[in-house]
Amino acid sequence: MSRQNSTSTYGGEKFMDETATSSAVFVEDRIYLVPSFSITAGLRYDNFNRDAETSDTSFNDMTWGLGADWDVNNYVSVFASARSLFKGPELSETFVKYQDVTYLEDGIKAETGINTQVGARYSQYFGAHVISSSATLFKTDIDDYIASTWENGGYTIENIGDAEIKGFEVSASYGYNAFLSKLSYSRSDSNNASTNTPLLDSNGRSMDIGDSIALTLDYQADSINTIFGWTSTVVLEEDNVEAGSDVKEAYNTHDFYAQWTSSAFDGLQVTFGIDNVTDELYTSHASRTGSARGYVLDDYEPGRNYKLSATYQF
């Protein structure tokens, strides 16, 4: 069970107090038909209660999942899975002062649908060298997709139709002794299947976040008990936006970190990092972008950021 409580106070006076409670019961089992082939099946019952300023509504449903894994040989495996979906209308963000004028559409339904994926993995050692790769294709169909619409001084949370999200992720890794590298490419496209237009987020902008290419390099220096790491991420321009809207511009970021583990004090670790080493000025494709009410509302991400932390586990 999980519980979300949202409260706010303005001018010393309490404004709102909302709660969303999710509870679930599930059963799952994995069965090996032969040593190299297994099937995993499960059932889950969900109940979601939304106690908001303008509504007290419950949603529930039974969902299922089914997956299969096959070890073709010692190096290659393939997998496939499908699961049904359930999601009720979430609470508004705490910092948004519109809870008292946010209403659920009469007869609103919880989101349901199905997610399917298929993929393959490969891994093999050649002496001190190791090579691995993976590829996954996925598709998510959502019925009764939920969105909020601003109209006449308030928000209406409603079902706007069906949605389709599909994409893939491929990756390749190479390691040699204390060195490890990984290159990955991911892509997803989302559309309103009812109107054949981009699927919009709560800000009225396309939900698509662009193709992403990531390179990760790690080296473990045993002589000084330190791991050094570097990650470069390139996000390509996203042009699946509403007609007349600006594209989401491409950007790239680079992060560095070093983690030292003490040999004198077991459990002590010190981590130093620099995020956005090149001080890139950019707006994440998942953040608010574009103009509204005559203002540019781009939410820029942090620039170069230094961090130092220490942890001790005992």
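N196 lies in the loop between β12 and β13 (197-198), where strands (E, at least two residues) are DSSP runs numbered from the N terminus. Its phi is positive, about 55 degrees, although N196 is not a glycine. N196 counts as exposed because its relative accessibility is 67%, given that exposed means over 50% relative accessible area, buried under 20%, and partly exposed in between (1.4 Å probe, protein chains only).

The model is predicted: local features need pLDDT of at least 70, side-chain atom pairs count only at pLDDT 80 or more, and totals for chains, interfaces and linings use all residues. Residues are numbered from 1 along each chain as its sequence is written, and side-chain values use heavy atoms, with hydrogens and water left out.

N177 also has a positive phi, about 50 degrees, and is not a glycine. This residue sits in the loop between β11 and β12. With a relative accessible area of 59%, N177 is exposed.

**Overall content**

The protein chain contains 0 helices and 20 strands. Of its 314 residues, 29% count as buried. Along the principal axes, the C-alpha atoms fill a box of roughly 65 × 50 × 50 Å.

**Strand pairing**

β14 and β15 run antiparallel and share 10 bridges; two strands pair if DSSP finds at least two bridges between them. The two strands form a hairpin with 4 residues between them. In the turn, N225 has a positive phi of about 55 degrees. A221 has T226 of β15 as its bridge partner. T226 in turn is the bridge partner of W260 in β16. β15 and β16 (residues 251-261) are antiparallel and joined by 10 bridges.

An open sheet of 3 strands has the order β6-β10-β9, and its pairing is mixed. β6 (102-104) and β9 (146-151) are the edge strands; each has a single partner strand, so one side of each has no neighbour in the sheet. From one strand to the next the twist averages 25 degrees, where axes are lines fitted to C-alpha atoms and angles run from 0 to 180 degrees between N-to-C directions. β9 and β10 (residues 154-159) run antiparallel, joined by 6 bridges. Across this pair, T149 stands opposite T156 in β10.

**Aromatic pairs**

A search of the whole structure finds 7 aromatic pairs. Rings of Phe, Tyr and Trp (its six-membered ring) pair if their centres lie within 6.5 Å; planes under 30 degrees apart count as stacked, over 60 as edge-to-face and the rest as tilted. Two of the pairs are set out below.

| Pair | Distance between centres | Angle between planes | Class |
|---|---|---|---|
| Y98 and Y155 | 5.7 Å | 75 degrees | edge-to-face |
| F168 and Y185 | 5.7 Å | 15 degrees | stacked |

Y98 is partly exposed, at 33% relative accessibility. Together with W150, Y98 and Y155 form one aromatic cluster.

F168 is partly exposed, with a relative accessible area of 27%. Y185 is partly exposed too, at 24% relative accessibility.

**Nonpolar surface patch**

F126, I131, Y174, Y176, F179, L183, L215, L217, Y219, I224, F228 and W230 form a nonpolar patch on the surface, and together they have about 1000 Å² of accessible area. Such a patch is made of residues with over 30% relative accessible area and no salt bridge, its nonpolar side chains (Val, Leu, Ile, Met, Phe, Trp, Tyr) being joined within 5 Å, whereas like charges are joined within 9 Å. A salt bridge is a side-chain nitrogen of Lys or Arg within 4 Å of a carboxyl oxygen of Asp or Glu. Accessible areas come from the Shrake-Rupley method with a 1.4 Å probe; for residues, only the protein chains shown count as cover.

Two or more residues of the nonpolar patch come from each of β11 (163-176), β12 (179-192), β14 (212-221) and β15 (226-235). β14 gives the most, with 3 residues. L215 is placed in strand β14. At 34% relative accessibility, L215 counts as partly exposed.
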